[in-house]
Structure formats: C-alpha cells, structure tokens
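Dear colleague,

Please find below the structure I am handing over to you. My findings follow directly after it.

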Amino acid sequence: MPSKRNQLYNLDDHITTLRWVIAALLLVCLALAFGWDRARSGIRIHLPPDLRQGAVVRPNDPKPADIYAFALSIIQVINHWQADGAQDYPKAIESVKPYLTPRYYAQLVDDSKHRIKSPIDNGGVSVDELTGRGRTMMPVPGHNYAPGRVLVHGGGSWTVLLDLHIDETVKSATVKSINVSYPLRVVSYDVDANLNEWGLALDGYDPPGPSRLLAEPDTAANPAKATTSLE
C-alpha cells in the first residue's frame, strides 16, 4: 500500500498535469476565437439590390449587379476632375490604384502624361488636354443597370457595358458634352482585402474600346448598338 507521502506526490503530479491541460485548452480556445474573428471579418458577402423576394448569397460570389456597381463607381472616380485635370486626373488614378490591375494602372498613368503634351498629326504642335479642365461622368439617363450590361466570361472575368455622359469644362465654359459607351473589363483581384474590399479590379477596355453613342440604343441587352469608335 503506497504511503501517504507517495499519495501526496501523486496527487501533486496529477494537479500539475491538469493545470497544463487547462492552460493548453485555454490557448486552443484563444486561437479558435482569434481565427473565428478573423474569418468573420474576412468574409465578403454581396447582397442583391432588391431583397423583397429574399435571396441566397454565398461568400465571395459577386453578382452582375455588384460587378456593374463596382465598374461604374471606379470609372467615375477616375474621370472626376474638380477643376484642373493636370492635377486631379493623376490624383484620381492614385486614389483607386488598389482597384486597378497593374497593367491598367500603367495605361492610365501613361495616358495622364500623354494628355498634358499630345502631338497633333505628328506636326510638332502640342496641346495640353488637362490643365484647367474639369470633367464629370454619369450614367446616361435611362441607360442604367440591366442584366445584359454585364457579360460573364467565367474564371473571374466580366465585361461591363456602361453608357456614360461626359461633361468637360474650361474656365466654367462647356467644351465637351457627349455620350460614350465603355466596355470595361473587370477581373477578380483578391490581393489585399484591407485595401480592396471588393475583391475586384478594372483591367482596361474590351474591343473595340470606348465608342461615342450616336443614337439611343434599342435595349439594355445591346447597349452599344449605335456607336462610333473613339480610337
């Protein structure tokens, strides 16, 4: 029969073991709580604009309406020059850099530099298209979102067909007021959720590129029917 001293030693060892087990369980619980909190904050849910009939949503599953809203909001920021395009255009590009693919970002930066000093007909005459110029861009009335305006290519790629009205002013005088159709390419771009909560990016234009609207399109399913290329 074990002595009382041995029984005490065994009891102390058992208590010590239980303390280690409790400490380990606390660490596991803390790790699970931290992981659960991070997972909850990292889930991206896209809700449809009309929930009157209910909806089934899945994490990281943007719908056509979400793709359209993203493309419209980013392109409007890029093309909003408060008073001086020479300063406002580059600032606008930088402000949405996390929502642009590196390729499209480089194209826009190059475009902003080219517009400040653009040769005409290779004649050596340069024109400044940005200094002192303001610009606003908004959807053409009646040409808002419709399912046919978002083409799903699969593999995290879409084409958004935007019909937008552009107003440009110089010293408060209107110098341009036109309607343009933009076939914008959107891709999945889940690089940094802290900087890009959409998980999407603009990747430039699909062919034939921006086209001026010459007449009212017949339907939203064919929004760029009556156009002429701006290229």
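Strands, as named in this message, are DSSP runs of E of at least two residues, numbered from the N terminus. Please note that this is a predicted model.

With that numbering, Pro208 falls in the loop between strand 7 (200-205) and strand 8 (211-213). The peptide bond that leads from Pro207 to Pro208 is cis, and its omega is near 5 degrees.

Most of my remarks concern strand 5, which covers residues 157-170. Of its 14 residues, 11 are buried, so strand 5 is largely enclosed by the rest of the structure. Its pairings are as follows.

- Strand 3 (residues 133-139) pairs with strand 5 in the antiparallel sense, over seven bridges. Pro139 has Leu164 of strand 5 as its bridge partner.
- Strand 4 (residues 150-152) runs antiparallel to strand 5 and is joined to it by three bridges. Here Val150 stands opposite Val160.
- Strand 6 (residues 173-188) is also antiparallel to strand 5, with 14 bridges between the two. Leu164 has Val180 as its bridge partner in strand 6.

Two hairpins involve strand 5. The hairpin of strand 4 and strand 5 has four residues between the strands, and Gly154 takes a positive phi there, near 85 degrees. The hairpin of strand 5 and strand 6 has two residues between its strands.

The loop between strand 5 and strand 6 contains Lys171 and Ser172. Most residues other than glycine have a negative phi. Lys171, however, is not a glycine and has a positive phi of about 55 degrees. Ser172, likewise not a glycine, has a positive phi of about 70 degrees.

A separate point concerns Asp88, which lies in helix 3 (residues 85-95). Asp88 is buried, yet it has no salt bridge. The nearest side chain of opposite charge is that of Lys91, 5.4 Å away, whereas a salt bridge requires the charged atoms to be within 4 Å. The side chain of Asp88 does reach the backbone nitrogen of Gln82, at 2.9 Å. Leaving aside residues up to four places away in sequence, Asp88 touches Trp81, Gln82 and Ala83.

Yours sincerely

How values were computed: Residues numbered from 1 in each chain as written. Predicted model: local features only at pLDDT ≥ 70, side-chain atom pairs only at ≥ 80, totals over all residues. Heavy atoms only, no water. Buried < 20%, exposed > 50% of the residue type's maximum accessible area, 1.4 Å probe, protein only. Lys, Arg positive; Asp, Glu negative; His and termini not counted. Polar contact = N/O pair within 3.5 Å; in protein donor to acceptor, adjacent residues only side chain to side chain. Contact = heavy atoms within 4.5 Å. Pairing = 2+ DSSP bridges.
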